[in-house]
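Dear colleague,

I am handing over the structure we talked about, with the sequence alongside.

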Amino acid sequence: MSPHEVVIVGGARTPMAEYVGAFKDVSAIELGAKAAAAALHTGDYVIAVAAYRALAQRDRSRAGEAADGLERVARAALAANDRAAVVSALAALRAVAPERPLGRYARLAALDATERGDSAAALAILPSAVATAGDPRTADSLLYLYGMAAARARDCTTAVAAFEGVIRRQRESAVQDAAREGISLCALIEGQRLLEAGKPADAESWFRRATAPGAPPEVTRGAFLGLGDVRLAQGDVPGALESYQQALVGGAPGDTITQRAQAKINALGKADAPATPPNQP
């Protein structure tokens, strides 16, 4: 049969070359779907994940089928204690069907995103992981991770709300202590941001929050350094000197905060020193 001849498909006349090409495409997609199912059946999860992802990419109308297959891969890999395969399947599932809830797999996907430092993915997945956590302590740990991911993304409003939620629940003392440290760190970051933006009055309350009990020493010292800058911007030189002195407390000679605080103190001392009178003849 010549490529220029036609065939009747569903009552329509279709050129033979176009019909053969379409048949080849359908055959390749079907072959890919069968290869994915076979790889899953034999426990070759790497190939299964790649094949299901390719199925969705080649035919978007079968994205749901591919997503179902990827969920089966994740379930089988979890049963086989193959965490790497679970994470790979969940990453492909998010790419293929981003609107589909991860359910009980959300925790694994969230932990993987956190370990990789992928703040955007962690922020997207962690709320679902918190909601589906099996016990309150796990939920608090995941909520803390959500706060840390937000802090890394410099979204301190979200981070502080998450940390305060952990503290308010009062379920796990270790996580509560970490959340208090997280609040102080975020407060320091936000204070510095506002100070750099020329808003010392707004920065002051954040710096004070960073000095609250439970804050890590370096965060507290950094906050006092910021408070000194706030006082200086307000024209309160004695107040600035006092804050810079507090920034020195607990520091080691030569550390960054000590050097910065001492330089500011020295600069203020020179500014306040009386001018040396000229030598008399």
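This is a predicted model: local features need pLDDT of at least 70, side-chain atom pairs count only at pLDDT 80 or more; totals for chains, interfaces and linings use all residues.

The chain has 281 residues, of which 40% count as buried, and its secondary structure comes to 13 helices and two strands. Its accessible surface amounts to about 15,400 Å², with 55% of that belonging to carbon and sulfur atoms. Among the contacts in the chain with a separation of 6 or more, 45% are accounted for by residues 24 or more positions apart.

Helix 10, which runs over residues 200-210, has Ala203, Glu204, Trp206, Phe207 and Ala210 buried. The cover over the buried residues of helix 10 includes helix 8 (156-169), helix 9 (173-196) and helix 11 (217-233).

Turning to charged side chains, the structure holds eleven salt bridges, and I describe some of them here. Arg62 pairs with Glu65, and the closest N and O atoms of the two are 2.8 Å apart. Arg62 is buried because its relative accessible area is 15%, under the cut-off of 20%, whereas Glu65, with a relative accessible area of 35%, is partly exposed.

A second salt bridge is formed by Asp255 and Arg221, with 3.2 Å between the closest N and O atoms. This pair links distant parts of the chain, since Asp255 lies in the loop between helix 12 (237-248) and helix 13 (256-272), while Arg221 is in helix 11, 34 residues apart. Both Asp255 and Arg221 are buried.

Helix 11 also contributes Asp229, which forms a salt bridge with Lys264, the closest N and O atoms being 3.1 Å apart. Here too distant parts of the chain are linked, with Asp229 in helix 11 and Lys264 in helix 13, 35 residues apart. Asp229 is buried, with a relative accessible area of 18%, while Lys264 counts as partly exposed at 24% relative accessibility.

Technical notes: Residues are numbered from 1 along each chain as its sequence is written. Side-chain values use heavy atoms; hydrogens and water are left out. Buried means under 20% relative accessible area, exposed over 50%, partly exposed in between (1.4 Å probe, protein chains only). Helices (H or I, at least four residues) and strands (E, at least two) are DSSP runs, numbered from the N terminus. Contact means heavy atoms within 4.5 Å. A salt bridge is a side-chain nitrogen of Lys or Arg within 4 Å of a carboxyl oxygen of Asp or Glu. Accessible areas come from the Shrake-Rupley method with a 1.4 Å probe; for residues, only the protein chains shown count as cover.
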